[in-house]
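Thank you all for making time. I would like to walk through one model this morning, beginning at a single residue and working towards the sheet.

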Amino acid sequence: MMKRVVLDWVAVLVSYFLLGLIRILTGSQARWWGCPPKALQRIYFANHQSHADLVMIWAALPKELRHNTRAVAARDYWTRTPFKHWLTSAVFNVIYVSRDRQASEDPLEPLIEAMSNGDSLILFPEGTRGFADEPQAFKAGLYNLALKFPEVELVPAWINNVQRVMPKGEVVPVPVLCSVTFGVPMQVLPGEDCPTFLQRARLAVLALRDV
């Protein structure tokens with residue numbers, strides 16, 4: 001019991017340290033352009049160009065929203081070392097998904113469980129990091145979650161410049177001014193099919209690039 005209490009306190013201290021570090025390195029600007037930061041159940045979906053995206057969008061949320069907002073992260077990468085595993089589970093409380101799952105596994109099951117418990121999600125619909133100025137095609141998970149939880153707000157977000165903080169192959173972050181712009185909430189329209197919705201969602205994220 002004492003060990004657990006100590007580890008919980010360490011996780012809290014590390015979270016404050018990372019918040020301070022992110023703000024020093026990036027400025028951590030949150031721009032609520034299309035909606036206010038309300039304590040509503042939401043799926044925040046954003047472009048994905050760096051492993052630092054998870055930390056950046058988490059840090060952009062107000063304290064009262066971070067507690068119930070969980071990022072979705074690749075199990076094979078974020079559990080590769082004991083430290084990464086501890087950091088993402090104890091500090092960020094992420095939801096792991098398997099990219100090399102078996103055919104019988106439902107990749108949305110842990111996300112559905114978290115949302116059924118009232119959590120909000122941070123989702124990167126590309127599924128993997130991109131290295132271009134525009135997001136890659138979105139995968140169907142966002143659409144399927146939106147159908148299952150139609151009352152949940154879907155909030156597009158554009159993460160700007162974070163790929164320059166932690167370039168591919170580098171281990172030392174570089175100070176660069178970054179921001180996260182949150183757009184107008186959206187939902188699946190009546191009769192809207194998956195490809196049409198995913199294209200509309202991708203364009204909603206891309207439109208925030210120049211806001």
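Let me start with N117, which at 60% relative accessibility counts as exposed, where exposed means over 50% relative accessible area, buried under 20% and partly exposed in between, with a 1.4 Å probe and protein chains only. Before going further, please keep in mind that this is a predicted model, in which local features need pLDDT of at least 70 and side-chain atom pairs count only at pLDDT 80 or more, while totals for chains, interfaces and linings use all residues. Residues are numbered from 1 along each chain as its sequence is written, and side-chain values use heavy atoms, with hydrogens and water left out.

N117 lies in the loop between α6 (109-116) and β5; helices (H or I, at least four residues) and strands (E, at least two) are DSSP runs, numbered from the N terminus. The C-alpha atom of N117 is separated by 9.8 Å from that of N68, although the two residues are 49 apart along the chain.

Turning to strand β3, six of its six residues are buried, so β3 is largely enclosed by the rest of the structure. T69, A71 and A73 point one way from the strand, and R70, V72 and A74 point the other way. β3 pairs in the parallel sense with β5 over three bridges, pairing being called when DSSP finds at least two bridges between two strands, and T69 stands opposite S120 of β5. With β4, too, β3 pairs in the parallel sense over three bridges, and here A73 stands opposite Y96.

How does the whole sheet run, and in what order do its strands come? It is an open sheet of seven strands with mixed pairing, in the order β1-β7-β6-β2-β5-β3-β4. β1 (29-32) and β4 (95-97) stand at the edges, each with a single partner strand, so one side of each is left without a neighbour in the sheet. Neighbouring strands are turned by 25° against each other on average, direction ignored; axes here are lines fitted to C-alpha atoms, for helices over the stretch in contact, and angles run from 0 to 180 degrees between N-to-C directions.

Elsewhere in the sheet, β2 (residues 42-46) and β6 (residues 153-160) run parallel and are joined by five bridges, with P156 in β6 as the bridge partner of F45. Helix α2 (residues 53-60) packs on the sheet, touching strands that include β1, β2 and β7 (179-182), and its direction makes about 65° with that of β7, contact meaning heavy atoms within 4.5 Å.
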